[in-house]
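Hi there,

Here is the structure I promised to pass on. Have a look at it first, and then read my notes below.

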Amino acid sequence: MQISFPISSDMWMTSNQRMHWGEKARRTARVRELGEQVGRSEINRQHLTRPVFNQCAVTAVISYPTKRRADPANTSPTLKALIDGLTKAGYWEDDDSTHVISVTYMRGGETRIKGRYQVTLNITPIYKEQ
């Protein structure tokens, strides 16, 4: 399953940013809400049952406005908030290591829109042998 989230620069968070705790909390809440809204919409659109995944691996493809150098793993605060939103939407029971087995970061193409990022999550189910 693939889900994309457009994220504006006023919601964007990286590990390198040094922002006031209140601003970080505000952005985290907005990104988490985005994750939940888009997640619920996708569940309804595809008529999926909850939880959607028992166990899965997540690959995050991070697209930046330009081709400048970037470190996709630094987007972990943004990605964590999106995953929390998907948890609330019912994609998995919890985002702990027994349900979300791995998270991988990759660089995507450019959005070519100033101040606009995009996070595309490729969620792959993992099936345990019975």
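**The sheet**

Strand E1 (residues 2–8) runs antiparallel to strand E4 (residues 116–125), and seven bridges join the two. Please keep in mind that this is a predicted model. Within this pairing, glutamine 2 sits opposite asparagine 122 of E4.

E4 also has strand E2 (residues 56–64) as an antiparallel partner, this time over eight bridges.

Put together, the strands make an open sheet of four, in the order E1-E4-E2-E3, and the pairing is mixed. E1 and strand E3 (100–110) are the edge strands, each pairing on one side only. From one strand to the next, the twist averages 20°.

Helix H2 (residues 76–89) lies across E1, E2, E3 and E4, and its direction is at about 55° to E4.

As general background, nonpolar side chains tend to be buried together in soluble globular proteins. Here, the largest nonpolar core has 28 residues, and Tyr91, Trp92, Leu121 and Ile123 are the ones that touch the most other members. At least two residues of this core come from each of E1, helix H1 (21–46), E2, H2 and E4. H2 gives the largest share, six residues.

Leaving aside neighbours within four places in sequence, leucine 121 is in contact with Met1, Gln2, Ile3, Phe5, Val58, Thr59, Ala60, Leu79 and Leu86.

**The aromatic pairs**

You will find six aromatic pairs in the structure. One of them is tryptophan 12 with tyrosine 117, a stacked pair at 4.0 Å centre to centre with 5° between the planes. Tryptophan 12 belongs to the loop between E1 and H1, while tyrosine 117 is in strand E4, so this pair ties together parts that are 105 residues apart in sequence. Tryptophan 12 counts as buried because its relative accessibility is 5%, under the 20% cut-off. Tyrosine 117 is buried as well, with a relative accessibility of 16%.

Tyrosine 91 and tryptophan 92 make an edge-to-face pair, with 6.0 Å from centre to centre and 65° between the planes. Both tyrosine 91 and tryptophan 92 are buried.

Ring pairs also link Trp12, Tyr64 and Tyr117 into a cluster.

**A threonine in a loop**

One more residue to look at is threonine 111, found in the loop between E3 and E4. Is threonine 111 buried or exposed? Threonine 111 has a relative accessible area of 18%, so this residue is buried.

What does threonine 111 touch, not counting residues up to four places away in sequence? The list is Ser63, Tyr64, Pro65, Arg116, Tyr117 and Gln118. Tyr64 and Tyr117 on that list are also members of the ring cluster with Trp12.

Finally, threonine 111 and phenylalanine 5 are 106 residues apart in sequence, and their C-alpha atoms are 12 Å apart in space.

Enjoy exploring the structure, and do write back with any questions.

Best wishes

Conventions
Residues numbered from 1 in each chain as written. Predicted model: local features only at pLDDT ≥ 70, side-chain atom pairs only at ≥ 80, totals over all residues. Heavy atoms only, no water. Pairing = 2+ DSSP bridges. Axes fitted to C-alpha atoms, helices over the stretch in contact; angles between N-to-C directions. Contact = heavy atoms within 4.5 Å. Buried < 20%, exposed > 50% of the residue type's maximum accessible area, 1.4 Å probe, protein only. Core = buried A, V, L, I, M, F, W, Y, C linked by side-chain atoms within 4.5 Å. Phe/Tyr/Trp six-rings, centres within 6.5 Å; stacked < 30°, edge-to-face > 60°.
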